[in-house]
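Please examine the structure shown below. The paragraphs that follow lead through selected side-chain pairs.

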Amino acid sequence: MPVTLGPIEKPRKQPIQARSTATVEAILDATVQVLIAEGKDRLTTTRIAHRAGVSVGTLYQYFPNRRSLLQATLRRKLVTVTEAIEAACLEHRGERLSAIVEGVALAFFRAKMRDAASSLALYAVSSDVDGLRIAEELRLRSGAALAEALESAPERLSVPTKEAVFAIQAALSGMSRTLLETRMPVRDHATVQRNLVVMLCSYIQAVRAVDALQAVAVPRARQ
């Protein structure tokens, strides 16, 4: 049966002034801190407000309930990862395919695992607040940036760009999910990052090499 997703909660009001923005950031930071320290079952708006140094009433001015608060906190984390990918795509635009893929992989890994504790805490609540929907929205956004970067390379792919983007994104998300679910020690992250880059560069080399082999095979067939 298809999974029915609930609505994405919207904050009650958007911060406009610098002071309001700072208050919202403090609330989101406190949400992560309480999640890490207490776990999701003990996460309450009262604890979050106390940790953020604001009243519960102030918290409710921006977030109508716990669900909307968690969604906003998760979105902030995923937007950070998405922006890192977009920046890497822009930085490596026009370079060789392997350089683009390596740059994107490193940017993703660093943004995702820079604070492994917060990533793990938010991963634990993601399914409770329709995190899949938020992740899919941002996956499409980062995928568009990656597609443009790949198409700017001097080499051509032997598979549709959309297919290559899907494979790369699946490898990135799969690797990060495994790291979080297995709670791999931070000391091992560098090895995982290195292997991730090798795997993706090998993939992009393979699909590029197939294209090169086809280009060589065609003239021979005509002889």
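Is Glu136 buried, partly exposed or exposed? Glu136 is partly exposed, its relative accessible area being 34%; buried means under 20%, exposed over 50% and partly exposed in between, with a 1.4 Å probe and protein chains only. The model is a predicted one, in which local features need pLDDT of at least 70 and side-chain atom pairs count only at pLDDT 80 or more, while totals for chains, interfaces and linings use all residues. Residues are numbered from 1 along each chain as its sequence is written, and side-chain values use heavy atoms, leaving out hydrogens and water.

Glu136 takes part in a salt bridge with Arg139, with 2.8 Å between the closest N and O atoms. A salt bridge here is a side-chain nitrogen of Lys or Arg within 4 Å of a carboxyl oxygen of Asp or Glu. Both residues belong to helix 7 and stand 3 residues apart, about one turn of the helix; helices are DSSP runs (H or I, at least four residues), numbered from the N terminus. Arg139 is also partly exposed, at 31% relative accessibility.

The whole structure contains 11 salt bridges. One of them joins Arg76 to Glu25, the closest N and O atoms lying 2.7 Å apart. This pair links distant parts of the chain, since Arg76 is in helix 4 and Glu25 in helix 1, 51 residues apart.

Another salt bridge brings together the side chains of Glu148 and Arg93, at 4.0 Å from N to O. Glu148 lies in helix 7 and Arg93 in the loop between helix 4 and helix 5, so this pair ties together parts 55 residues apart in sequence.

Note on methods. Helix = DSSP H or I, 4+ residues; strand = E, 2+ residues; numbered from the N terminus.
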